[in-house]
Amino acid sequence: MGNPDSLGQFEQLVLTAILSLREDAYGVTIHAKVEELARPKAVSLGAVYVTLDRLEDKGLVASWLSDPTPERGGRAKRCYRLEALGERALQESAITAKRIWESIAQVWGKEWAKEWGKRWGKEAG
Amino acid sequence: MRAAPPRWVEMLVGITIPPACRESVLGDLHERYAGLPQYLLDALCAVPLVIVSRIRRTTDPQVRLLEAFVLCLSFLTAARYKDANFLTEPWGLMRLAIPAAMALVGLMLEDAYARPGRRSPVNAIVAPVFGLGIACLSQLVLSGGWPALVLPQWILLAGSGMGFLLVATLRMLFPPLADRPQGANGPAFWLQQSGKPLNIPPVAIRVLKVMGVMAVAALLVVFADDLPIVGPRLLVLAGALLLAHEANRRV
């Protein structure tokens with residue numbers, strides 16, 4: 001398996017959204033999940049499409065057309081799933097993010113890290 | 001009953017979306033529908049990016065560069081052959097670049113809006129006709145507002161004819177792909193194509209290849225016109241004939 005390219009922040013968000021949506025990952029749900037992950041920033045549907053295309057070209061995700069559904073006016077969904085290369089790239093990104101978090105916590109102190117940890121805990125419910 | 005966008009609006013939006021992603025994008029927009037203004041805003045934000053992404057996916061930079069080169073060369077040669085002074089006139093080169101650039105835009109759009117999986121033997125001919133049609137249309141538009149930038153008719157016709165032959169030959173040799181294969185970020189994208197070859201009658205390929213080689217020969221002969229002796233021109237002609245013979249033999 002080749003080395004995956006390094007991911008941009010938006011690519012990480014889209015891959016995380018696909019990972020967490022599992023079988024239900026398609027344009028609308030991915031966009032909703034990415035918006036949730038990126039808040040308070042607004043995310044356009046077009047940006048999600050462009051990123052999905054790019055990730056597919058890189059071989060990080062695969063797509064297929066599902067059966068048409070009536071709530072979509074009888075049109076099919078393009079569903080996405082992570083490929084092995086995508087999972088690896090996401091793991092590497094998560095490890096890097098953890099290292100960044102630990103370095104910042106070391107400089108700004110444990111109190112700061114605790115406070116942010118609590119805030120995130122509340123956000124996650 | 002679930003609210004749905006008006007059919008005519010969906011149809012209009014659908015026309016602007018490339019066929020390869022029309023079904024899924026229209027379905028997503030339909031699912032998110034919460035009123036006409038929201039639908040139109042969604043479409044306005046999403047569709048341009050979808051088109052750009054499709055153009056990126058269907059563009060092979062190396063082949064596109066070759067197409068740009070042969071288009072520029074065609075119009076340059078037509079101008080050089082018909083009126084050598086044209087190139088030194090103010091805005092002369094700019095006037096030649098406009099139809100070449102517009103034809104290239106036409107080729108890009110034709111590839112982006114091609115139906116994936118539907119490959120026809122006439123594809124290699126339709127795309128250059130569409131591209132050069134856009135080039136001629138741009139000249140018509142320019143003649144209304146900026147007549148100083150319009151090419152003389154005979155240069156436009158000769159350049160378009162030669163451009164058609166060369167681009168059609170190029171697209172026969174390196175057929176465009178409707179879908180970029182996964183992980184195809186490396187060089188020589190056209191080398192990685194898979195699937196069934198174009199179902200073109202061998203005679204048509206033979207004729208087009210020979211015509212393409214003859215067009216290149218014509219270009220070379222025109223540029224060799226300045227040489228004081230006839231030897232090099234004869235050499236070029238002999239080379240072109242040899243190439244034509246080779247192209248004919250290798251089909």
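Predicted model: local features only at pLDDT ≥ 70, side-chain atom pairs only at ≥ 80, totals over all residues.
**Overall form of chain A**

- The C-alpha trace of chain A spans about 55 × 35 × 20 Å along its principal axes.
- Of the 125 residues in chain A, 33% are buried.
- Among the contacts in chain A with a separation of 6 or more, 50% are accounted for by residues 24 or more positions apart.

- Although A:Arg22 is not a glycine, it has a positive phi of about 55 degrees.
- A:Arg22 is exposed, because 9 other C-beta atoms lie within 10 Å, and a residue counts as exposed if that number is 12 or fewer.

**Packing of α2(A) against α3(A)**

- The helices α2(A) and α3(A) pack at an angle of about 110 degrees, and their axes are 10 Å apart.
- Because angles of 65 to 115 degrees count as roughly perpendicular, α2(A) and α3(A) are described as roughly perpendicular to each other.
- To this contact α2(A) brings A:Gly27, A:Ile30, A:His31 and A:Val34, while α3(A) brings A:Leu45, A:Val48 and A:Tyr49.
- Sorted by class, the contact of α2(A) with α3(A) has five nonpolar and two polar residues, and no charged residues.
- The loop between α2 and α3 of chain A holds A:Pro40, and the peptide bond that joins A:Arg39 and A:Pro40 is cis, with omega about 15 degrees.

**Nonpolar cores**

- In soluble globular proteins, nonpolar side chains tend to be buried together.
- Here the largest nonpolar core has 36 residues, and those with the most contacts inside it are A:Val14, A:Leu15, A:Ile18, A:Ile30, A:Val48 and A:Tyr80.
- Two or more residues of this core come from each of α1, α2, α3, β2 and α4 of chain A, and likewise from α2 (19-31) and α3 (36-58) of chain B.
- Apart from this core lies another, of 31 residues, among them B:Cys72, B:Ala79, B:Ala112 and B:Leu151.
- Once its neighbours within four places in sequence are left aside, A:Val48 is in contact with A:Val14, A:Gly27, A:Ile30, A:His31, A:Val34 and A:Val43.

**The contact between chain A and chain B**

- The contact takes 21 residues from chain A and 22 residues from chain B.
- On the side of chain A that touches chain B, α2 (27-38) and α3 (45-57) of chain A each supply at least two residues, and α3(A) gives the most, with eight residues.
- The residues on this side of chain A divide into seven nonpolar, five polar and nine charged.

Note on methods:
Residues numbered from 1 in each chain as written. Chains lettered and ligands numbered in written order. Contact = placed C-beta atoms within 7 Å. Helix = DSSP H or I, 4+ residues; strand = E, 2+ residues; numbered from the N terminus. Nonpolar A, V, L, I, M, F, W, Y, C, P; charged D, E, K, R; others polar. Core = buried A, V, L, I, M, F, W, Y, C linked by C-beta atoms within 7 Å. Buried ≥ 20, exposed ≤ 12 C-beta atoms within 10 Å, placed from the backbone. Axes fitted to C-alpha atoms, helices over the stretch in contact; angles between N-to-C directions. Parallel < 35°, antiparallel > 145°, perpendicular 65-115°, else oblique.
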